[in-house]
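Please open the model in a viewer and keep the selection tool at hand.

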Amino acid sequence: MATFQVSSIFCLMGSPDQMRFPKGGAIKATTNNAPKFQVSPISLPKLPSRSLVDNLDITSNGYKVPTNNSANHSDDPMVTSKLYAIMEAIADRVEMHKNIGAQRDNWNHLLLMSINAITLAAATMAGIAAATFAVTTGARAPFMALKLSSTILYVAATGMLVVMNKIQPSQLAEEQRYAARLFKQLHAQIQTKLSLHSENTMVDVNEAMEKVLALDRAYPLPLLGEMLDKFPETVEPTIWWPKQNHRRAQGAEGKLIDGNGWSKKLEEEMIEVVGVLKSKDVPEYLKLTEKALKINRVMAISGPTLTGLAALGSAFVGSSGTYGVWGVMAGVICGALASVVNTLEHGGQVGMVVEMYRSNAGFFRLMQETIESNVKEKQVERRENGQVFEMKVALQLGRSLSELKDLAVFSEKFASKLF
């Protein structure tokens, strides 16, 4: 057997390419005994002093929160965890509003078809009952059965129409669709804030919470007790955002200094845009809301009134004299008219149009308040970056940056054209 005795081993010098034999090293071979290895100490590179626990992430409520604050991510771990928890709650609300919106849209279609079928069946029975009474002279059982059936169907249709016109399923569905869209928007805003690794604080957490609760108040899920009034006395824009924080308007007084993407010219342009929104867009959509609401109110009253008159008329079918004649006419004609009105109101989804106009007015009101809160802040470093803000306003109004400048210059001629 061979024994290798090494006076010294290769020394690691920086990298593998820098290995060399030490001077005077000797290798001897004999045939004695078992193999023996004599190795001199090896100098290893120094490892980082962080422990294994420091290299792990702490998991809180299903989210990974880094324990160290690096240069790229300086958030408080608890703040980040809370923002992720809010995002999870928002995602759950998006699904709830989507599902309930689809359910209430089904209500609209099913109730519309059912009530129209009941109304037309009742009108047909009233006409057949009148014809049966005129032809037959002896047996009155078929006549009475048709007459009573027609009256019962009309009464049922009247009750169902009252409930349907009160809750306005098409408007309920539009509320839930809009709420789902706004919750998705809020979810994306928080996700963007976290992905940019900005320094989030408890102020950001509180603002996110306030926005969620404001949306819950603007678009409630329950029907009983919390449902929005579908026929309000005064029309107001839908408000789904919390009250603007007045800390922006409490900046230091003095001359505005250019910076953070802002300039005096840009500030004047934003003020002109606010003037257009306040004088044209918001009042225009509120006016359209009032018109649609009046049409909806007339139809909501006309439908049950016509079915009620038809039920009363069908009860007088077969009576002697003019009562019988007018009873047949009311039972058939009013029933047909009720089907037409019901189709126009709920098939045309007039309630949805009302809610759409109210939401559009709220959208322009939100833009107005957002621009005002930025412009009133005198310390430009506390504002949102001017160039980014200008681009966001242009996109929300459906315009390019050059068209936005034209809107500011010719504010009396041009209005925003988003819808």
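A search of the whole structure returns 1 cavity of 30 Å³ or more. On a 1 Å grid over the protein atoms alone, a cavity is a set of points where a 1.4 Å probe fits but cannot get out, and lining residues have an atom within 4 Å of a point. This is a predicted model, in which local features need pLDDT of at least 70 and side-chain atom pairs count only at pLDDT 80 or more, while totals for chains, interfaces and linings use all residues. Residues are numbered from 1 along each chain as its sequence is written, and side-chain values use heavy atoms, with hydrogens and water left out.

**Stop 1: the cavity**

Select Q171, D229, K230, P232, V235, T289, L293, V354 and R358, which line the largest cavity. Two or more of the lining residues come from each of α6 (264–315) and α8; helices are DSSP runs (H or I, at least four residues), numbered from the N terminus. The volume of the largest cavity is about 50 Å³, where a volume is the space filled by probe spheres set on grid points that are joined across faces, edges and corners. Its lining divides into 4 nonpolar, 2 polar and 3 charged residues. Here Ala, Val, Leu, Ile, Met, Phe, Trp, Tyr, Cys and Pro count as nonpolar, Asp, Glu, Lys and Arg as charged, and the others, Gly among them, as polar.

**Stop 2: the largest pocket**

Next, select Q189, E207, K211, E384 and K392, which lie nearest the centre of the largest pocket among its 45 lining residues. A pocket is an open set of points with protein on both sides within 12 Å along at least five of seven lines. The largest pocket has a volume of about 1,800 Å³. Which helix supplies the largest share of its lining? It is α4, with 10 residues. Helices α4 (169–195), α5 (202–218), α8 (350–376) and α9 (386–396) each give at least two residues to this lining. By class, the lining comprises 19 nonpolar, 12 polar and 14 charged residues.

**Stop 3: α4 against α8**

Display α4 and α8, whose axes come within 7 Å and cross at roughly 35°. Axes are lines fitted to C-alpha atoms, for helices over the stretch in contact, and angles run from 0 to 180 degrees between N-to-C directions. The crossing is right-handed, that is, the near helix is turned clockwise from the far one by less than a right angle. Select S170, Q171, E174, E175, R177 and Y178 of α4 with G351, M352, V354, E355, M356, S359 and F363 of α8 to show the contact (heavy atoms within 4.5 Å). These residues divide into 5 nonpolar, 4 polar and 4 charged.

**Stop 4: α8 against α9**

Move on to α8 and α9, which pack at an angle of about 165° with axes 12 Å apart. α8 is therefore roughly antiparallel to α9 (an angle over 145 degrees). Their crossing is left-handed, with the near helix turned anticlockwise from the far one. Select F363, M367, T370, I371 and N374 in α8, which meet F389, V393 and Q396 in α9. This contact has 5 nonpolar, 3 polar and no charged residues.

**Stop 5: α6 against α9**

Finally, show α6 and α9, with axes that come within 11 Å and cross at roughly 25°. The two helices are therefore roughly parallel to each other (an angle under 35 degrees). This crossing is left-handed. L266, E269, M270 and V273 in α6 meet G386, F389, E390 and V393 in α9. By class, the contact of α6 with α9 has 5 nonpolar, 1 polar and 2 charged residues.

How values were computed: Parallel < 35°, antiparallel > 145°, perpendicular 65-115°, else oblique.
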